[in-house]
Amino acid sequence: MTNEITGGCLCGSLRYRATGTPLNARICHCRQCQKAVGAAFNARILYPADQVYLDGPHKTHHSSADLLRGYCPECGTSVFSHRISSDWIGITVGSLDTPEVFKPEAHTWISEKQPWLTIADGLPQYQRMPS
Ligand SMILES: [Zn+2]
Ligand SMILES: [Zn+2]
């Protein structure tokens, strides 16, 4: 990972950058992520919230008491998730300017993975979220 990543939503109203070392880079297969991003899984890079700078309008929706999903109010792109208790923000890889820089480290919530998706990258797979 480079020292700074940038990205934004489909319409460009909501932009962001994140700096420094991320906490981790994982692919989550839980149903909540599937719903939130409208896809089979959520590839995301996790940062302490104070390393993420949002620029533009955004709305949030609680997918659980502790997790907010953030999106552009104009175009609806799912841009981030914010875990309130730890103050961590996960950036959706699909919204990056250069998604190819993503280096996934593990798959989480394999217990809810879609059966038609075959993972063949050799990375660790966790049934749920490892602590
Ligand atoms: Zn937008
Ligand atoms: Zn998830």
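Leaving aside its neighbours within four places in sequence, with which residues is Leu10 in contact? The partners are Cys75 and Thr77, where contact denotes two residues whose C-beta atoms, placed from the backbone, lie within 7 Å. Leu10 and Thr77 are 67 residues apart in sequence, yet their C-alpha atoms are 6.2 Å apart in space. The loop between β1 and β2 holds Leu10. This residue is partly exposed because it has 14 other C-beta atoms within 10 Å; a residue counts as buried with 20 or more other C-beta atoms within 10 Å of its own, as exposed with 12 or fewer, and as partly exposed in between, the C-beta atoms being placed from the backbone.

The model is predicted: local features need pLDDT of at least 70 and side-chain atom pairs count only at pLDDT 80 or more, whereas totals for chains, interfaces and linings use all residues. Residues are numbered from 1 along each chain as its sequence is written, while chains are lettered from A and ligands numbered from 1 in the order in which they are written.

The overall architecture comes next. The protein contains one helix and 10 strands; helices (H or I, at least four residues) and strands (E, at least two) are DSSP runs, numbered from the N terminus. Read from the N terminus, the elements follow the order β-β-β-α-β-β-β-β-β-β-β. The radius of gyration is 14 Å, close to the 14 Å that the globule rule gives for 131 residues, so the protein is as compact as a globular protein of that length. Here the radius is taken over C-alpha atoms, and the globule rule is 2.2 Å times the number of residues to the power 0.38. The C-alpha trace spans about 35 × 30 × 30 Å along its principal axes. Of the 131 residues, 31% are buried. Among contacts between residues at least 6 apart in sequence, 54% join residues at least 24 apart.

The strands may now be followed through their sheets. Strands of a sheet pair through backbone hydrogen bonds, either parallel or antiparallel. Two strands are taken as paired if DSSP finds at least two bridges between them. One open sheet consists of three strands in the order β1-β2-β5, with antiparallel pairing. Its edge strands are β1 and β5 (52-55), each of which pairs on one side only. Neighbouring strands of this sheet are turned by 15° against each other on average, direction ignored; axes are lines fitted to C-alpha atoms, for helices over the stretch in contact, and angles run from 0 to 180 degrees between N-to-C directions. Within the sheet, β1 (residues 4-8) and β2 pair in the antiparallel sense over five bridges, and Gly8 has Arg15 of β2 as its bridge partner. The two strands form a hairpin with six residues between them, and Gly12 in the turn has a positive phi of about 90°.

Another open sheet has seven strands in the order β6-β7-β8-β9-β4-β3-β10, with mixed pairing. The twist averages 30° from one strand to the next. Strand β7 (residues 67-71) pairs with β8 in the antiparallel sense over five bridges, and Arg69 stands opposite Ser81 in β8. Leu68 also belongs to β7. This residue is partly exposed because 17 C-beta neighbours lie inside 10 Å. Not counting residues up to four places away in sequence, Leu68 touches Thr60, His61, His62, Ser81, His82 and Ile84.

In soluble globular proteins, nonpolar side chains tend to be buried together. A nonpolar core is a set of buried Ala, Val, Leu, Ile, Met, Phe, Trp, Tyr and Cys residues joined through C-beta atoms within 7 Å. The largest such core has 23 residues, of which Ala18, Tyr47, Val52, Val79 and Ile91 touch the most other members. Two or more residues come from each of β2 (15-19), β3 (24-28), α1 (31-37), β4 (42-48), β8 (78-83) and β9 (88-92). Beyond four places in sequence, Ala18 touches Ile5, Tyr47, Gln51, Val52 and Ile91.

Backbone geometry supplies the final topic. Most residues other than glycine have a negative phi, and most peptide bonds are trans. Asp87 has a positive phi near 55°; this residue lies in the loop between β8 and β9 and is exposed because it has 10 other C-beta atoms within 10 Å. Trp109 likewise has a positive phi of about 55° although it is not a glycine. Trp109 is located in the segment after β10 and is buried, since 22 other C-beta atoms lie within 10 Å.
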